[in-house]
Amino acid sequence: MKKKVLVLTGGGDCPGLNAVIRGIVKRAAQTEDWEVVGSIQSFDGVLREPTEIIELNEKTVSGIHYQGGTILGTTTKGGPLAWPVKENDGTWSFIDRSDEMIRRLKHLGIEAVISIGGDGSQRISQVLFEKGLNIIGVPKTIDNDLSATDYTFGYQTAVQIATEAVDRLVTTAASHNRVIILEVMGRDAGWIALSSALAGGAEVCLIPEIPYEINHVLSTINKRFKDGKGHVIIVIAEGAKPKDGDVFSQQSDEVGNANLKLGGVANKLLKDLKAAGCDADMRETVLGHLQRGGVPTAFDRILATQFGVKAMELAIDANYGKMVAYQHPSIVAVPFLEAISKYNIVKPNSSLVKTARGIGMSFGDQ
């Protein structure tokens with residue numbers, strides 16, 4: 001009998017997920033010992049009644065490497081460690097079904113699991129590994145916030161989309177002598193904002209790692225305008241915050257989603273600038289989920305394929321409890337504990353920040 005490896009995608013969707021799935025299946029097909037199955041919507045497919053497990057073969061994954069999203073579906077809610085249960089009075093409680101899930105996987109003949117996901121998903125992977133599950137991780141997030149890998153797939157695509165938005169906003173800002181504020185994703189890391197601001201030539205970039213002062217932002221705007229003419233592009237990360245201020249967020253009301261909902265910081269900045277005395281005509285644009293969807297770039301397709309092949313090879317070698325990672329120029333494997341031990345943020349003294357300051361970009365801190 002062939003050994004079975006179960007593949008699943010968890011957390012937010014991300015360009016390149018399908019390329020990872022294809023890489024796993026194509027690598028498994030080079031052996032005579034392994035077959036691949038997929039769980040629908042992360043671990044939920046295993047825990048549902050009836051289970052939602054599908055066969056993955058070369059025909060199933062043919063041509064999916066350039067498609068956005070994931071053919072397996074994904075979810076940011078619940079999971080084996082906090083499965084939502086609706087009580088008779090209408091309230092919700094959460095139970096740990098991880099032991100039950102591991103028993104189900106054994107019953108299904110699953111030899112190994114490959115979990116494709118971000119920081120939260122890999123933290124779940126570590127817990128499951130400690131419980132005895134043969135599991136391997138693949139880092140996925142547009143936020144690029146996992147420190148054990150130089151890049152996560154999906155990040156470069158998100159940066160490309162944000163950069164194209166800056167390019168388009170520059171022309172309309174110049175035509176109307178406007179300040180346009182572009183809000184991008186990234187949660188607590190400013191990689192997307194910084195990279196797209198630098199690539200697109202924005203005048204101001206506000207990121208979580210460098211708290212800003214509204215008067216410094218206003219000063220930069222005023223220097224760009226003369227007799228009411230001029231234009232400014234501000235790229236702001238959703239997790240950016242003013243000095244002595246908090247991140248603009250709200251608690252999610254979705255059952256099973258414990259993450260704070262970020263977003264709306266561009267509108268807040270616009271209002272704060274007006275209150276500070278900014279006379280320029282201002283507009284805001286929020287990219288939102290446009291950054292997550294669509295066709296992955298060539299870089300992300302290649303990186304995702306490398307990750308998929310490496311993950312399958314770890315399964316073949318029975319090298320579990322590891323997450324694949326890109327550490328230039330190699331694709332390596334690192335223990336989960338190392339992968340999740342440190343958050344990857346933009347260092348204020350990094351070469352990328354120094355480059356941005358070197359061309360006159362303002363971070364609103366001076």
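Entry: I went to the loop between helix H5 (155–176) and strand S8 (178–184), where Asn 177 is found. Asn 177 is not a glycine, yet I read a positive phi of about 55° for it. A reminder to myself: this is a predicted model, so every value here is computed from predicted coordinates.

**Entry: cis peptide bonds.** Next I looked up omega angles. Which residues does a cis peptide bond join, with omega at about -5°? I found Glu 49 and Pro 50 joined that way. Pro 50 sits in the loop that runs between helix H2 (44–47) and strand S3 (53–56).

I noted another cis bond going from His 328 to Pro 329, and there omega is near 5°. For Pro 329 the setting is the loop between strand S14 (322–327) and strand S15 (330–335).

**Entry: H1 against H9.** I turned to helix packing. Helix H1 (residues 17–28) packs on helix H9 (residues 298–316) with the axes 7 Å apart and an angle of about 45°. I logged the crossing of H1 past H9 as right-handed.

From H1, the contact takes in Ala 19, Val 20, Gly 23, Ile 24, Arg 27 and Ala 28. On the H9 side I listed Arg 301, Ala 304, Thr 305, Gly 308, Val 309, Met 312, Glu 313 and Ile 316. Sorted by class, the contact of H1 with H9 comes out as eight nonpolar, three polar and three charged residues.

**Entry: H6 against H11.** Helix H6 (residues 191–200) and helix H11 (residues 351–358) have their axes 11 Å apart and pack at an angle of about 40°. That makes H6 oblique to H11 as well. The H6 and H11 crossing is left-handed.

Which residues make the contact? H6 brings Trp 191, Leu 194, Ser 195 and Leu 198, and H11 brings Leu 352, Val 353, Thr 355 and Ala 356. I sorted the residues of the H6 contact with H11 into six nonpolar, two polar and no charged.

**Entry: H7 against H8.** I then checked H7 with helix H8 (residues 265–275): their axes come within 10 Å and cross at roughly 80°. The range for roughly perpendicular is 65 to 115 degrees, so H7 and H8 are roughly perpendicular to each other.

In H7, I picked out Ile 214, Val 217, Leu 218 and Ile 221, which meet Leu 269, Asp 272 and Leu 273 in H8. The contact of H7 with H8 divides into six nonpolar residues, no polar and one charged.

**Entry: the second largest pocket.** I finished with a look at open space. The second largest pocket has a volume of about 250 Å³. It is lined by 17 residues, and the closest to its centre are Glu 203, Thr 220, Gly 360, Met 361 and Ser 362.

Which helix gives the most to the lining of this second largest pocket? I found that to be helix H7 (residues 214–224), with five residues. By class, I wrote down four nonpolar, eight polar and five charged residues for the lining of the second largest pocket.

Key: Residues are numbered from 1 along each chain as its sequence is written. This is a predicted model: local features need pLDDT of at least 70, side-chain atom pairs count only at pLDDT 80 or more; totals for chains, interfaces and linings use all residues. Side-chain values use heavy atoms; hydrogens and water are left out. Axes are lines fitted to C-alpha atoms, for helices over the stretch in contact, and angles run from 0 to 180 degrees between N-to-C directions. Helices (H or I, at least four residues) and strands (E, at least two) are DSSP runs, numbered from the N terminus. Angles under 35 degrees count as roughly parallel, over 145 as roughly antiparallel, 65 to 115 as roughly perpendicular and the rest as oblique. A crossing is left-handed if the near helix is turned anticlockwise from the far one by less than a right angle, and right-handed if clockwise. Contact means heavy atoms within 4.5 Å. Ala, Val, Leu, Ile, Met, Phe, Trp, Tyr, Cys and Pro count as nonpolar, Asp, Glu, Lys and Arg as charged, and the others, Gly among them, as polar. On a 1 Å grid over the protein atoms alone, a cavity is a set of points where a 1.4 Å probe fits but cannot get out, and a pocket is an open set with protein on both sides within 12 Å along at least five of seven lines; lining residues have an atom within 4 Å of a point. Grid points are joined across faces, edges and corners, and a volume is the space filled by probe spheres set on the points.
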